[in-house]
Structure formats: C-alpha cells, structure tokens
Amino acid sequence: IPLKDGIITDDNIFQGCKNFKQVHLIEGTVLSDTIAALLLEKWTNDMKDKLGVINQILPTTPAGKIYYREDVGGKAQTVQLWISSVLSTIVQYKVRHRSYLNEAATTL
C-alpha cells in the first residue's frame, strides 16, 4: 500500500480479512533511502522500528466478522494509525535534519 494519509477511508475495508497480516509499502525503496539519509542513527533505528511494528501487530488484530456489519474488526484502524504515526515521525525528523544542516552551514 502507499504510505499516504487518508488512503484507507472505511473502517470496514479489511473486515473479514483474517489473512491480512503484513503490509508491503509501494515506495519502500524511496522511503528506505530517506531513512538512511537521516543524520542520527537513533532516528534511522526509530524509523525502521516504526515501519516494522505493523507486521507484528496485524497478525493479532481482529479482522471482524464478514456477515456482521457492526463487527468491522480493527485492521483498518490499526493501519490508519500506523500510517499517520510513520508519516508524522518522518516529517518531524526531516524538519530537524534540515534545521541541523542549516545550523551547520551558518556556523561555517
């Protein structure tokens, strides 16, 4: 799936999908390059952990019952929250990264 806020619009989109246990990102290579370019190893490790956590959570997240409209499960909400968390963290690190670079350039 693309790593984009709002890509999952319905809480029932994965209702009944018991085999939905892993997320593979379409832009994985670009994202990996961005993460590798971060200044601090701590940031890189944090982002790698954030990206991998979804595949640890999804297997145990309820899928809901396909025949019961009220039981949508939690897979869609879990993925939505994960996407938001990953995006906000990478934006935060990129802003801090640029700030450090500008500070270093000013010092020179």
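This is a predicted model: local features need pLDDT of at least 70, side-chain atom pairs count only at pLDDT 80 or more; totals for chains, interfaces and linings use all residues.
User: Why is the pair of tryptophan 43 and tyrosine 93 called stacked?

Analyst: Planes under 30 degrees apart count as stacked, provided the ring centres lie within 6.5 Å. For tryptophan 43 and tyrosine 93 the centres are 5.0 Å apart and the planes are at 10°, so the pair is stacked.

User: What makes this pair a tie between parts that are 50 residues apart in sequence?

Analyst: Tryptophan 43 belongs to helix H2 and tyrosine 93 to helix H3, so the pair ties together parts with that separation. Trp43 and Tyr93 also form one aromatic cluster with Tyr100.

User: How do you know whether tryptophan 43 is buried or exposed?

Analyst: Buried means under 20% relative accessible area. Tryptophan 43 has 2% relative accessibility, so it counts as buried. Tyrosine 93 has a relative accessible area of 6% and is therefore buried.

User: What kind of aromatic pair do phenylalanine 14 and phenylalanine 20 form?

Analyst: A search of the whole structure gives three aromatic pairs. In the pair of phenylalanine 14 and phenylalanine 20 the centres are 4.4 Å apart, with 35° between the planes. Stacked requires under 30 degrees and edge-to-face over 60, so an angle between those limits counts as tilted. The pair is tilted, and both phenylalanine 14 and phenylalanine 20 are buried.

User: How are the axes of H2 and H3 placed relative to each other?

Analyst: The axes come within 10 Å and cross at roughly 175°. Angles over 145 degrees count as roughly antiparallel, and that makes H2 roughly antiparallel to H3. Residues of H2 that meet H3 include Met47 and Ile54; those on the H3 side include Val79, Trp82 and Val86.

User: How do you know that the length of H3 agrees with its number of residues?

Analyst: The expected span is 1.5 Å times one less than the number of residues. For the 33 residues of H3 this should give 48 Å, and the end C-alpha atoms are 48 Å apart, which agrees.

User: What does valine 79 touch, leaving aside its neighbours within four places in sequence?

Analyst: Valine 79 is in contact with Ile1, Ile8, Phe20, Val23, Ile54 and Leu58.

Terms used. Residues are numbered from 1 along each chain as its sequence is written. Side-chain values use heavy atoms; hydrogens and water are left out. Contact means heavy atoms within 4.5 Å. Helices (H or I, at least four residues) and strands (E, at least two) are DSSP runs, numbered from the N terminus. Rings of Phe, Tyr and Trp (its six-membered ring) pair if their centres lie within 6.5 Å; planes under 30 degrees apart count as stacked, over 60 as edge-to-face and the rest as tilted. Buried means under 20% relative accessible area, exposed over 50%, partly exposed in between (1.4 Å probe, protein chains only). Axes are lines fitted to C-alpha atoms, for helices over the stretch in contact, and angles run from 0 to 180 degrees between N-to-C directions. Angles under 35 degrees count as roughly parallel, over 145 as roughly antiparallel, 65 to 115 as roughly perpendicular and the rest as oblique.
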